[in-house]
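Here is a short report on one protein chain. Keep the model in view as you read.

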Amino acid sequence: MQLRVSTGGAGNRVNKSGVELSMADEATPQDHVTAFWSMVAPDYEAHRGNVPSRGSALYGRWAEILAQNLGPAPSNVLDLATGTGFIALILAELGHRVTAIDLSAEMLAQALKAAGGRPDVRFELGDAVEPAMPAGSFDAVVNRHLLWTLREPVHAMSKWRDLLRPSGVLLCFDGFWFGSAPSDEEPEPFRRHYTTSTRSALPFMHSTSVEPIIAAMEEAGFAHVSWRDLPELTDYSAGTTPYLVRGVK
Ligand SMILES: C[S@@+](CC[C@H](N)C(=O)[O-])C[C@H]1O[C@@H](n2cnc3c(N)ncnc32)[C@H](O)[C@@H]1O
């Protein structure tokens, strides 16, 4: 993942979700998270390290890993915090029926553009912590680069478990991007939104091991929780080795 952003010092701008980009004191941690990603959405894919470009070898390896970890297509898959739809669109290309949610309308606008109207992926505004879909409606729930910026992980994961059919799988892809403490190297406007108070609501942001993630997944009721590093998915411009944590309902 890449933190460089080309948006300079934002003034008081309001995004399509009504979130003021120069945040008021009463803004919640999630308001800050959503405002940051909304601000960078138009340039998200332009920065190396955020998403491998379609057709690249790395893109192909992401498709292989997803295919290996999911049942045969078509199945119903939910992509949480889809951003510009990187995972959602690979899943659709693999033949799955995809629902993808994000809290940033700006990210979803980019995802819709990238989807070019294909009918097998539905993008919706929604909170990954409280997804509003019917229980038991998915064969798999997937997310990439969400865990580090996720509030209330045990509560969220138990909601994800509810959404799965029996034996459905949860796949969480992420990396340890931030070390154990904030760094002076982090650029604006990232620091303006990922404040001390925002970070205190994101239990995995400064995690450097999968242990707390595995513990949260087990506390949420997942069985057969396992993890592995994915060096084959390393994008050297992103600066860390991705990992996958997997659980079964
Ligand atoms: C680092 S980006 C990852 C986007 C995409 N999954 C990818 O792999 O490129 C993080 C995304 O999470 C979204 N997000 C953060 N918290 C969320 C929440 N609680 N519910 C839904 N989306 C959320 C942000 O809006 C942003 O699009």
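Are H2 and H3 roughly parallel or roughly perpendicular to each other? This is a predicted model, and its coordinates give the reply. The axes of helix H2 (residues 57-69) and helix H3 (residues 86-93) come within 10 Å. They cross at roughly 70°. Angles from 65 to 115 degrees count as roughly perpendicular. H2 and H3 are therefore roughly perpendicular to each other.

H2 passes H3 in a right-handed crossing. On the H2 side, the contact is made by Trp 62, Ala 63 and Leu 66. On the H3 side, Ile 90, Leu 91 and Glu 93 take part. Of these contact residues, five are nonpolar, none is polar and one is charged.

**The whole chain**

The protein chain holds eight helices and seven strands. Of its 249 residues, 40% are buried. Take the contacts between residues at least 6 apart in sequence: 68% of them join residues at least 24 apart. One separate pair shows how sequence and space can be compared. Arg 54 and Phe 86 are 32 residues apart in sequence, while their C-alpha atoms are 9.0 Å apart in space. Arg 54 lies in the loop between H1 and H2. Arg 54 is partly exposed, with 13 other C-beta atoms within 10 Å.

**Helix H1**

Helix H1 (residues 29-40) has twelve residues. From first C-alpha to last, H1 reaches 17 Å, close to the 16 Å expected at 1.5 Å a residue. Ten of the twelve residues are buried, so H1 is largely enclosed by the rest of the structure. Among the buried ones are His 32, Phe 36, Trp 37 and Met 39. What do the buried residues of H1 pack against? Their partners are helix H4 (105-115), helix H6 (190-193) and helix H7 (196-200).

**Backbone details in loops**

| Cis peptide bond | Omega |
|---|---|
| Ala 73 to Pro 74 | about 0° |
| Glu 188 to Pro 189 | about 5° |

Pro 74 lies in the loop between H2 and strand S1 (76-80). Pro 189 lies in the loop between strand S5 (164-174) and H6.

Now look at phi. His 145 is not a glycine, yet its phi is positive, near 60°. Glu 152 also has a positive phi, near 45°. His 145 is found in the loop between strand S4 (138-144) and helix H5 (153-163). Glu 152 is found in the loop between S4 and H5. His 145 is buried, with 20 other C-beta atoms within 10 Å. Glu 152 is partly exposed, with 17 such atoms within 10 Å.

Definitions and conventions:
Residues are numbered from 1 along each chain as its sequence is written. This is a predicted model: local features need pLDDT of at least 70, side-chain atom pairs count only at pLDDT 80 or more; totals for chains, interfaces and linings use all residues. Axes are lines fitted to C-alpha atoms, for helices over the stretch in contact, and angles run from 0 to 180 degrees between N-to-C directions. Helices (H or I, at least four residues) and strands (E, at least two) are DSSP runs, numbered from the N terminus. Angles under 35 degrees count as roughly parallel, over 145 as roughly antiparallel, 65 to 115 as roughly perpendicular and the rest as oblique. A crossing is left-handed if the near helix is turned anticlockwise from the far one by less than a right angle, and right-handed if clockwise. Two residues are in contact if their C-beta atoms, placed from the backbone, lie within 7 Å. Ala, Val, Leu, Ile, Met, Phe, Trp, Tyr, Cys and Pro count as nonpolar, Asp, Glu, Lys and Arg as charged, and the others, Gly among them, as polar. The expected span of a helix is 1.5 Å times one less than its number of residues.
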